[in-house]
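Trainee: Could you take me through this structure feature by feature, giving the general idea before the particular case?

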Amino acid sequence: MAADIGTGAALTFASGLFANIMSMNWSGISRPAIKTSHLGTTSADSFIPGDRYDPGALALELQFQPDSLGPTALITQLNAGSTAITVTFPIPSGRTAGATMVGTGFLQDIDPISVPDEALMTMSATLKYTGTVTMTTST
């Protein structure tokens, strides 16, 4: 399958998404490495894998829209509980539906708002996954 561009990707955040998305970046899955070295270890440290993994987070770069995203809306989003998060990737050539990435999560943080001269106002936000993230292929 050929490489594709991100134009057309979409995000559904069940508690409501509040801005136009410019980019999304999934941090990926990580598993802890538990150090088993001790005072008698004489060479390199030794490790065992942890039993659980961290499903990661979805970092968003957004267009800041003050009329729809004021302080009240931000606090409402931050106080909302976990909800469904669905990323739908662009539809590849010759297919009818894009691949998806589905999980549950919450709005973890909102980073500073940028208001530059003669450029788009932007902000960043992070959605933290709380469990398994399931990926499906395009059809």
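Trainee: What is the mean pLDDT of the protein, and which elements have the lowest and the highest mean pLDDT?

Mentor: The term pLDDT denotes the predictor's confidence in each residue, on a scale from 0 to 100. Where pLDDT is low, the predicted coordinates should not be read in detail. In this protein the mean pLDDT is 87, and 91% of the residues reach 70 or more. Among the elements, helix α1 (residues 71-79) has the lowest mean, 72, while β4 has the highest, 97. Helices (H or I, at least four residues) and strands (E, at least two) are DSSP runs, numbered from the N terminus.

Trainee: Which strands pair with β7, and over how many bridges?

Mentor: Two strands are said to pair if DSSP finds at least two bridges between them. Strand β7 (residues 100-110) pairs with strand β6 (residues 83-88) in the antiparallel sense over six bridges, and Val-87 stands opposite Met-101 in β7. Strand β9 (residues 134-136) is joined to β7 by three bridges, again antiparallel, with Thr-100 opposite Thr-136 in β9. Five bridges join β7 to β8, and these two strands also run antiparallel; within β8, Tyr-129 is the bridge partner of Gly-105, and Leu-127 stands opposite Leu-107.

Trainee: Over how many bridges do β5 and β8 pair?

Mentor: Strands β5 and β8 pair in the antiparallel sense over seven bridges, and Leu-62 stands opposite Met-123 in β8.

Trainee: How many residues of β8 are buried, and which residues lie on each side?

Mentor: In a regular strand the side chains alternate between the two faces of the sheet. For accessibility, buried means under 20% relative accessible area, exposed means over 50%, and partly exposed lies in between (1.4 Å probe, protein chains only). By that criterion β8 is mostly covered, with eight of its eight residues buried. Thr-122, Ser-124, Thr-126 and Lys-128 are on one side, and Met-123, Ala-125, Leu-127 and Tyr-129 are on the other, so that both faces are covered.

Trainee: Is Leu-58 buried or exposed?

Mentor: Leu-58, in strand β5, has 2% relative accessibility and counts as buried. The C-alpha atoms of Leu-58 and Ile-85 are 9.6 Å apart in space, although the two residues are 27 apart in sequence. By way of another example, Tyr-53 lies in the loop between β4 and β5 and is partly exposed, with a relative accessible area of 41%; its C-alpha atom is separated by 7.0 Å from that of Pro-32, 21 residues away along the chain.

Trainee: How many salt bridges does a search of the whole structure find?

Mentor: Side chains of opposite charge can pair when their charged atoms come close. A salt bridge here is a side-chain nitrogen of Lys or Arg within 4 Å of a carboxyl oxygen of Asp or Glu. The search of the whole structure finds two. In one of them, Lys-128 and Asp-54 meet at 2.4 Å, N to O. Because Lys-128 lies in strand β8 (residues 122-129) and Asp-54 in the loop between β4 and β5 (57-63), the pair ties together parts that are 74 residues apart in sequence. Lys-128, at 17% relative accessibility, counts as buried, whereas Asp-54, at 32%, counts as partly exposed.

Trainee: Where do Asp-45 and Lys-35 lie?

Mentor: Asp-45 forms a salt bridge with Lys-35, with the closest N and O atoms 3.4 Å apart. Asp-45 is in the loop between β3 (33-35) and β4 (47-49), and Lys-35 is in strand β3, 10 residues apart. Asp-45 is partly exposed, with a relative accessible area of 42%.

Trainee: Which strand gives the most to the lining of the largest pocket?

Mentor: Strand β2 (residues 21-26) gives the most, with six residues. On a 1 Å grid over the protein atoms alone, a pocket is an open set of points where a 1.4 Å probe fits, with protein on both sides within 12 Å along at least five of seven lines, and lining residues have an atom within 4 Å of a point. The largest pocket is lined by 13 residues, of which Gly-6, Ala-9, Met-24, Val-87 and Phe-89 lie nearest its centre.

How values were computed: Residues are numbered from 1 along each chain as its sequence is written. This is a predicted model: local features need pLDDT of at least 70, side-chain atom pairs count only at pLDDT 80 or more; totals for chains, interfaces and linings use all residues. Side-chain values use heavy atoms; hydrogens and water are left out.
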